[in-house]
Amino acid sequence: MRLLALAASALVFTAASTLSPAVVQAQDKAADAKADDKSTDDRLEPFPEARSVKQSAVIGGKTVNYTATVGSLAVKDDKGKVIGEVVYTAYTLPGRATDRPVTFAFNGGPGAASVYLNLGAIGPKRVPFGAQGDAPSDPAVLRDNPNSWLDFTDLVFIDPIGTGFSRSRLDEEQTKKAFYSADADIHYLSRIVYDWLVANDRLTSRKYLTGESYGGYRVPRLAYYLQTQMGVGISGMTLVSPYLDPPAIGEDDALSPLPWMIAYPSMAAGHFERQGLHLDDATMGPVETYMRTQFVQDFLAGPRDKAATDRLSAKVAELTGLDPAMVRRMNGRVDIATYLREIRRDQGLIGSVYDSNYTAYDPFPASASPEYNDPLLTTLIAPTTSAMVDFVTRQVGWKVDARYNALSYDVNEKWDRDDTDSPVSDLRRAISIDPKMTVDIVHGWDDLSCPYFASRLIVSQMPDFGVENRVRLHMYPGGHMFYSRSDSGAMMRQDVMASYRARN
């Protein structure tokens with residue numbers, strides 16, 4: 001493509017060099033206008049019409065017959081021009097549309113398709129991934145998911161622009177402006193939810209939202225925007241390992257103890273699990289109490305207070321299982337990357353930020369600095385991509401000549417992170433105007449990418465909105481994708497199902 005562009009420019013220059021400057025300028029403007037008219041839209045083959053297939057799965061011990069549909073919805077600008085197409089996968093039970101809730105599911109990234117929630121957590125079929133021992137070369141064969149939510153809600157999985165098969169019809173700069181920022185993301189995805197509801201006669205159904213990671217960041221903002229701008233009431237939402245307060249997790253503020261407070265309980269959970277301890281509130285409660293009290297006091301005393309730093313370092317070493325001498329050298333401030341590399345250094349293994357007890361071999365163990373990609377994240381791409389593409393193109397028969405992006409690093413790199421939005425504020429607003437809305441926040445104890453203790457601290461700062469436990473927080477064994485552990489997935493299913501049935 002670059003060679004063709006250079007050749008075309010050379011031809012224009014040769015012809016124009018014999019003309020007057022004014023004529024050349026006019027021709028250049030005409031050529032530019034013509035080039036602008038020939039947008040990305042002209043080079044893309046149309047997506048096929050939606051396709052459906054009848055399937056069944058054993059869910060919760062019973063056979064569920066359902067329809068799986070893959071299709072696309074257009075994103076239009078203010079003038080009605082199609083600027084993008086969002087691909088969805090829907091699972092619905094035939095003949096029960098009016099009395100069944102429908103749940104829209106989003107993953108995160110930004111840049112992740114919804115395949116992880118679909119084929120790993122709540123869809124009717126699943127492919128093994130995310131558990132210790134899973135490998136990229138394992139057969140990507142779908143099996144029934146006993147922990148699916150399909151027996152109590154229809155499911156619609158949405159792939160944002162740039163993920164899955166979803167695509168922009170604009171050039172690169174226009175695409176970034178139209179799709180790759182928090183506000184733009186919420187605006188067009190809210191319209192996609194609305195358009196699906198209208199197209200499928202589901203505006204009178206109870207409507208729910210589910211989001212994982214950055215999807216959990218999306219969902220409160222989507223709920224509030226749908227309520228107040230699109231005229232679509234949301235009955236409830238489930239935030240799976242949500243990325244709710246990015247500044248609290250980061251280390252940009254050198255004075256704040258929050259990043260350490262939030263990460264250390266998950267480090268401790270990983271250590272306790274390696275010791276064979278059962279993780280629950282009784283086990284983790286003393287850790288959380290220490291973080292809220294003595295840790296903050298000793299941290300803010302600073303490294304110049306030797307007694308405070310000695311005390312803090314000794315406690316951190318005890319909780320994490322790391323070498324006390326190393327922890328003291330770091331003044332008790334152990335970053336996540338160091339923790340993940342040091343916990344099994346004698347075995348040459350590294351832990352995943354998504355689950356510290358999911359490990360792989362360090363490819364460069366002698367290197368002074370880490371030289372590897374996350375061991376869990378990198379194993380997900382092959383099974384999820386192969387299984388989803390096979391499902392869409394062969395099983396459903398939605399044929400498309402395009403690459404499937406389970407995780408787009410390009411979208412993530414281009415994302416505009418300058419927005420000052422607050423999903424926690426929108427979560428509060430959405431709850432405050434709907435006394436019947438249910439909210440579940442679910443986490444794995446071992447997750448260091450979106451640690452559970454951040455959500456604990458956020459929820460503890462919320463008003464009660466007149467009802468006890470308006471926002472319910474649940475923790476399960478495992479990490480970011482705790483649902484890869486069958487028992488944890490089953491517990492989440494029961495907790496969420498109880499919330500849905502409370503609205504019946």
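Which residues in H8 meet Phe295, Val296 and Phe299 in H10? Keep that in mind as you open the structure, which is a predicted model.

**Stop 1: two crossing helices**

Select helix H8, residues 258-274, together with H10. Show the side chains where they touch. Trp260, Met261 and Tyr264 are the H8 residues that meet Phe295, Val296 and Phe299 of H10. Now look at the helix axes. They come within 11 Å and cross at roughly 135°. That angle makes H8 oblique to H10. The crossing of H8 past H10 is right-handed.

**Stop 2: from H10 to H11**

Stay on H10 and select aspartate 298. Aspartate 298 forms a salt bridge with arginine 311, with the closest N and O atoms 2.8 Å apart. This pair links distant parts of the chain: aspartate 298 sits in helix H10 (residues 294-301), arginine 311 in helix H11 (residues 306-320), 13 residues apart. Is aspartate 298 buried or exposed? Aspartate 298 counts as buried, because its relative accessibility is 2%, under the 20% limit. Arginine 311 has a relative accessible area of 43%, so it is partly exposed.

**Stop 3**

How many salt bridges does the structure hold? The count is 26.

Go to arginine 167 and glutamate 85. They form a salt bridge, and their closest N and O atoms are 2.7 Å apart. Arginine 167 belongs to strand S8 (residues 167-168) and glutamate 85 to strand S3, so this bridge ties together parts that are 82 residues apart in sequence. Both arginine 167 and glutamate 85 are buried.

Next, pick arginine 100 and aspartate 154. Their side chains meet in a salt bridge, at 2.8 Å from N to O. Arginine 100 is in the loop between S3 and strand S4 (102-106), while aspartate 154 is in strand S7. The two are 54 residues apart, and the pair links distant parts of the chain. Arginine 100 and aspartate 154 are both buried.

**Stop 3: the largest core**

Which residues have the most contacts inside the largest nonpolar core? Select Tyr116, Phe391, Tyr483 and Met492. The core around them has 55 residues. Several elements give two or more residues to this core, among them strand S1 (51-59), strand S2 (62-76), helix H3 (115-122) and helix H18 (486-502). H14 supplies the largest share, seven residues.

Zoom in on tyrosine 483. Set aside its neighbours within four places in sequence. Tyrosine 483 is then in contact with Tyr116, Leu117, Gly120, Ala121, Phe129, Glu212, Val240, Gly489 and Met492.

A second, separate core has 48 residues. To find this second core, select Tyr88, Val193, Met437 and Met462, which it includes.

**Stop 4: backbone exceptions**

Most residues other than glycine have a negative phi, and most peptide bonds are trans.

Proline 110 lies in the loop between S4 and H3.

Move on to serine 213. Look for serine 213 in the loop between strand S9 (207-212) and helix H6 (214-230). Serine 213 counts as buried, because its relative accessibility is 17%.

Then select asparagine 331. With 24% relative accessibility, asparagine 331 counts as partly exposed.

**Stop 5: an exposed loop residue**

Finish at alanine 366. Where is it placed? Alanine 366 is in the loop between strand S12 (355-361) and helix H14 (377-396). Its relative accessibility is 80%, so alanine 366 counts as exposed. Alanine 366 and glycine 348 are 18 residues apart in sequence, and their C-alpha atoms are 9.5 Å apart in space.

Note on methods:
Residues numbered from 1 in each chain as written. Predicted model: local features only at pLDDT ≥ 70, side-chain atom pairs only at ≥ 80, totals over all residues. Heavy atoms only, no water. Helix = DSSP H or I, 4+ residues; strand = E, 2+ residues; numbered from the N terminus. Buried < 20%, exposed > 50% of the residue type's maximum accessible area, 1.4 Å probe, protein only. Core = buried A, V, L, I, M, F, W, Y, C linked by side-chain atoms within 4.5 Å. Contact = heavy atoms within 4.5 Å. Salt bridge = Lys/Arg side-chain N within 4 Å of Asp/Glu carboxyl O. Axes fitted to C-alpha atoms, helices over the stretch in contact; angles between N-to-C directions. Parallel < 35°, antiparallel > 145°, perpendicular 65-115°, else oblique. Left-handed = near helix turned anticlockwise from the far one by under 90°.
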